[in-house]
Amino acid sequence: MSDQAKVRVLLLESIHPDAVSRLEAEGYEVESLRNALDESELIARIPGVKLLGIRSKTKVTAKVLDAADSLVAIGAFCIGTDQIDLTAASASGVAVFNAPFSNTRSVVELAIAEIISMTRRLTEKNTLMHAGVWDKSADGAHEIRGRRLGIIGYGNIGTQLSVLAENLGMYVSFYDTADKLALSNAHRCATIEELLETSDVVTIHVDGRPGNAGFFGAEQFKRMREGALFLNLSRGIVVDHVALREALESGHLAGAAVDVFPTEPKGRGDEFVSELRGLPNVILTPHIGGSTEEAQSDIGGFVANKLAAFVEEGNTTLSVNLPGVALPEQAGQSRIGHVHVNTPGVLAQVNSILAEHKVNVEGQLLSTRGEYGYLITDISGGFSDDVLERLRSMEQTVRLRVLS
């Protein structure tokens, strides 16, 4: 009756080999593909897959989840999870894990590098040199020391960027819709308008939830200071690129660095199309904010460990969508994981069924989050198929897994 009979794993978008090695070490059958899959392609491949690993380009929709007859968990080998229908995943009892910290430093270092490059006009000087033009001039080139950095979104990336920018001599302001503690001497702006009107450099670090689509457009660019710089290393849907191009061509903005785009090619070598191509004062990078060998290795190991721990132990610590539960394993015991609708009396009902069948409970841990609850029960001795059938047939049951 074990849930571990055969674990097929599908990894997309060139996930780091460390993840493959970690999952193969568990005896799992791993298939790793270089590119993303669109919805129809993923629907065709998902049957029989127990673990799915993706990065930012693959969309896991409700239709994909409907077609997933064996899926127990999804690993987002990145920070964001807006590419996954979390509501549908929860309703299917599918756990979702991500890597909220692993590539933070890589994104921050890219932002710092781009701020310095634009402030010193390095990309423009480099282009001229390759064209054979010697332009030894200080016009338009500045130190970043003493300039004000405005950070929109003060999460893991925004806070670390704040600290490093201050260490380089910049003043820092930030705006976030949630209450956040200001680190060091950072100034919290009461409104986004205050940040835009007072910052020499504006950088966005928000997530890709639908409500953030089109968040930054012509009105916001107009509010920015004349000659300011703009960065987006968050999500492509957040910024109106037509409005950004107009702000750059008019000279209102002195430069921009963009790493994410509303529509991105599926794989390496595919054509990249954008309104921002061809502008000399724009740094364009192919969504590489977290793409360092160090970050990808760390992400690969971190998320793979979370997936393996969920399959083997039912551990949901740091799950994005299911309640966090971690119960130490005891040798010689069976473990049952029960995802259910969060209503009063579920625990009593489960234990009533177990008691009725004279099942000896050795350990139990329940946690709830919003609409759902997750219960792990450790059992010594055997139990009948009727016990599992009774638990599965409970009105509140979303998913029942026998782990060992």
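**Exercise 1. The parallel sheet**

Which residue in β3 does Leu10 stand opposite?

*Solution.* Leu10 stands opposite Leu52. The model is predicted, local features need pLDDT of at least 70, side-chain atom pairs count only at pLDDT 80 or more, and totals for chains, interfaces and linings use all residues. Residues are numbered from 1 along each chain as its sequence is written, and side-chain values use heavy atoms, with hydrogens and water left out.

Step 1. Identify the strands. β1 covers residues 8–11 and β3 covers residues 51–54; three bridges join them in the parallel sense. Strands here are DSSP runs of E with at least two residues, helices are runs of H or I with at least four, and both are numbered from the N terminus. Two strands pair if DSSP finds at least two bridges between them.

Step 2. Extend to the sheet. Five strands form an open, parallel sheet in the order β2-β1-β3-β4-β5. β2 (29–32) and β5 (95–97) are the edge strands, each pairing on one side only. From one strand to the next, the twist averages 15°.

Step 3. Axes are lines fitted to C-alpha atoms, for helices over the stretch in contact, and angles run from 0 to 180 degrees between N-to-C directions.

**Exercise 2. Around β15**

Which strands pair with β15 over nine bridges? Follow the bridge partners and inspect the turn.

*Solution.* Step 1. β14 (residues 360–369) pairs with β15 (residues 372–380) in the antiparallel sense over nine bridges. β13 (residues 333–341) is joined to β15 by nine bridges, again antiparallel.

Step 1. Read the partners. Arg369 has Tyr372 as its bridge partner in β15. Val341 stands opposite Tyr372. Further along, Leu366 is partnered by Leu375 of β15.

Step 2. Look at the turn. The hairpin of β14 and β15 has two residues between the strands, and Gly370 takes a positive phi near 60° there.

Step 3. Eight of the nine residues of β15 are buried, so the strand is largely enclosed by the rest of the structure. Buried means under 20% relative accessible area, exposed over 50%, and partly exposed in between, with a 1.4 Å probe and protein chains only.

**Exercise 3. Salt bridges**

How many salt bridges does the structure hold? Work through three of them.

*Solution.* Step 1. The structure holds 18 salt bridges. The criterion is a side-chain nitrogen of Lys or Arg within 4 Å of a carboxyl oxygen of Asp or Glu.

Step 1. Take Arg22 and Glu26. Their side chains meet at 2.6 Å, N to O. Arg22 is partly exposed at 25% relative accessibility. Glu26 is partly exposed at 32%.

Step 2. Turn to Arg235 and Asp82. Their closest N and O atoms are 3.1 Å apart. Arg235 counts as buried at 14%; Asp82 is partly exposed at 34%.

Step 3. Finish with Glu143 and Arg145. The closest N and O atoms of this salt bridge are 2.9 Å apart. Glu143 is partly exposed at 49%, whereas Arg145 is exposed at 57%.

**Exercise 4. A surface patch**

Which residues make the nonpolar surface patch of about 220 Å²? Locate Leu168.

*Solution.* Step 1. The patch is made by Ile116, Leu122 and Leu168. Patch residues have over 30% relative accessible area and no salt bridge; like charges are joined within 9 Å, nonpolar side chains (Val, Leu, Ile, Met, Phe, Trp, Tyr) within 5 Å. Accessible areas come from the Shrake-Rupley method with a 1.4 Å probe; for residues, only the protein chains shown count as cover.

Step 1. Leu168 sits in the loop between α7 (156–167) and β7 (171–175). Leu168 is partly exposed, with a relative accessible area of 40%.
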